[in-house]
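Me: Please set out the structure shown here as a series of questions and answers.

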Amino acid sequence: MNWSDIVTTTAALMQGFGVVMMLFAVTLAAAMPLGFFLTLLTRSRFAPLRWLTNGYIYLMRATPLMLQLFFIYFGMPLVSDFFKRLFFSAIVCAMVGFVLNYAAYFAEIFRGGLLSIDKGQYEACQVLGLNKFQTTVRVILPQMFRVALPSITNESITLVKDTALVFAISVPEILHYAKVAVSRTGTVFPYMIAFVIYLIVNTLLQLFFNWLEKKTSY
Amino acid sequence: MELIQVKGLKKSFQDTDVLTNVSFSVNKGDVIAVIGPSGAGKSTMLRCLINLEQVDGGTITVEGETLVGDGTYSEHVKVKNITSKMGMVFQSFNLFPHLSVRKNLTMPFMQVKGASKEDADRLAESLIGKVGLSGKMDTMPSTLSGGQKQRVAIARALMLNPDIMLFDEPTSALDPQLTAEVLNVMKQLAADHMTMLVVTHEMSFARDVANKILFMCDGEIAEEGTPEEVFRHPKDRRTAEFFGTSSGNRA
């Protein structure tokens, strides 16, 4: 493998990198708010809603993400024509699967964060006259987020690596291009380039979260 | 003028009767010390006044408005309106740890009153000066001592301009030196004619600052009167016993 091979391979892998970053960004941006919403539902006064939400979280955490992806991409189109059109594109299936799955994990992380908040915080808010919304947004959420931050870091790094799973539903991500390049060049180098790409992404991610933890500590 | 009237308050947690029959009244400018043994229901009584606990029976009237009448609560908006006339200071301070001292004071004020940042800052600076912490305006609560935290908590409660201040064992988490700085701020408030209801174990504060003592025991007010009457000439056997065991090391 010569320099021009390395450059072409890296360029090809960077196409996959774009897909990975998109999946990563969409999942984080959608799964975190959805996860927090699920957390609120698990604290609902209406018991059936709690059961339903807890059941959903349990299902998502107790079954393989790969199976969930297969179910959406290969399974759902068999159910009806509507799903056939809805889940036609592999990348759409990947995003739907990841958001649904990661929302359940974020719900658990946020639940832990909420449990760590002292009852006195709610009481202080009440006697100061803050309403429920103000209490949640101004006092509870920032503290919950700070407590949950190390777990969110962990989850984000796992997410970057988990994107490799969509290889199995034929989304052209990094692994896909690496495998093609390995067959073409007959060398191990494309896999090594893939290693380096993941390492760089997760190192940057870790540095970002370290900075965020420092900045938000109190 | 009567600011608070409490009649026949009852409250139990599961099988334990915490308040059996509590009645008293608070006049404008009163500084009332609520004393008594642990488990007497002092804190519960205070928390009922500001709706942190729900009573099972009895009547609470604040400035002529009924918070709860014979065990039935007024509607939500009225309850909120009534409790907003009171400020509360907790044993564990309950400052917002993620906000600076400044924001601990200004955030609730701006949110609740819809005030501008400039007005909030001006008031916060004057109140934080009043509790002697002018230099600490932009520090985080975690860098403060317990006594400083409690003084910030007092300033935060004062931001909302309450007519009545409730103190729930404000110095119980502090060592004697820090206790003194908090008590000094409270004495200052009393001198400014703030109406105060203070649950405390600080007998010297009760004796020197309060104009009225409520001695609580077994979920009721066993005795009430001026500090002179309650400390020197207790009528109730339980009051006498309480001072018999506690005056030696606390008074």
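Reply: On a 1 Å grid over the protein atoms alone, a cavity is a set of points where a 1.4 Å probe fits but cannot get out, and a pocket is an open set with protein on both sides within 12 Å along at least five of seven lines; lining residues have an atom within 4 Å of a point. Grid points are joined across faces, edges and corners, and a volume is the space filled by probe spheres set on the points. This is a predicted model, in which local features need pLDDT of at least 70 and side-chain atom pairs count only at pLDDT 80 or more, whereas totals for chains, interfaces and linings use all residues. Residues are numbered from 1 along each chain as its sequence is written, chains are lettered from A and ligands numbered from 1 in the order in which they are written, and side-chain values use heavy atoms, with hydrogens and water left out.

Me: How many cavities of 30 Å³ or more does the structure hold?
Reply: The count applies to cavities of 30 Å³ or more. The number that the structure holds is two.

Me: Which elements give two or more residues to the lining of the largest cavity?
Reply: The largest cavity contains about 40 Å³ of space. Its lining draws on both chains: A:Ala124, A:Val127 and A:Leu128, together with B:Met88, B:Phe90, B:Phe93, B:Ala153, B:Arg156 and B:Ala157. With helices (H or I, at least four residues) and strands (E, at least two) taken as DSSP runs numbered from the N terminus, the elements that give two or more residues are helix 6 of chain A and helix 5 (146-159) of chain B.

Me: Is A:Cys125 buried or exposed?
Reply: A:Cys125 is found in helix 6 of chain A. Leaving out residues up to four places away in sequence, A:Cys125 touches A:Leu130, A:Thr135, A:Val139 and B:Phe96, where contact means heavy atoms within 4.5 Å. Buried means under 20% relative accessible area, exposed over 50% and partly exposed in between (1.4 Å probe, protein chains only). Because its relative accessibility is 0%, A:Cys125 counts as buried.

Me: Which residues lie nearest the centre of the largest pocket?
Reply: About 870 Å³ of space lies in the largest pocket. Helix 1 (3-42), helix 6 (119-128) and helix 7 of chain A, with helix 2 (76-83) of chain B, each supply at least two residues of its lining. Of the 27 lining residues, those nearest the centre are A:Tyr122, A:Gln126, A:Asn131, A:Lys132 and A:Thr135.

Me: What pattern does chain A follow along the sequence?
Reply: Of the 218 residues of chain A, 44% count as buried, and its C-alpha trace spans about 70 × 50 × 25 Å along its principal axes. Chain A has nine helices and zero strands. Read along the sequence, the pattern is α-α-α-α-α-α-α-α-α.

Me: Where is the kink in helix 3 of chain A centred?
Reply: Helix 3 (residues 65-79) of chain A has 15 residues and reaches 20 Å from its first C-alpha to its last, close to the 21 Å expected at 1.5 Å a residue; the expected span is 1.5 Å times one less than the number of residues. Its buried residues include A:Leu69, A:Ile72 and A:Tyr73, and what covers the buried residues includes helix 2 (47-62), helix 4 (81-86), helix 5 and helix 7 (132-162) of chain A. The bend at a residue is the angle between axes fitted to the seven residues ending there and the seven starting there. The kink, of about 35 degrees, is centred on A:Ile72.

Me: Is B:Asp70 buried or exposed?
Reply: B:Asp70 lies in the loop between strand 5 and strand 6 (72-73) of chain B. B:Asp70 has a positive phi of about 50 degrees although it is not a glycine. Because its relative accessibility is 68%, B:Asp70 counts as exposed.
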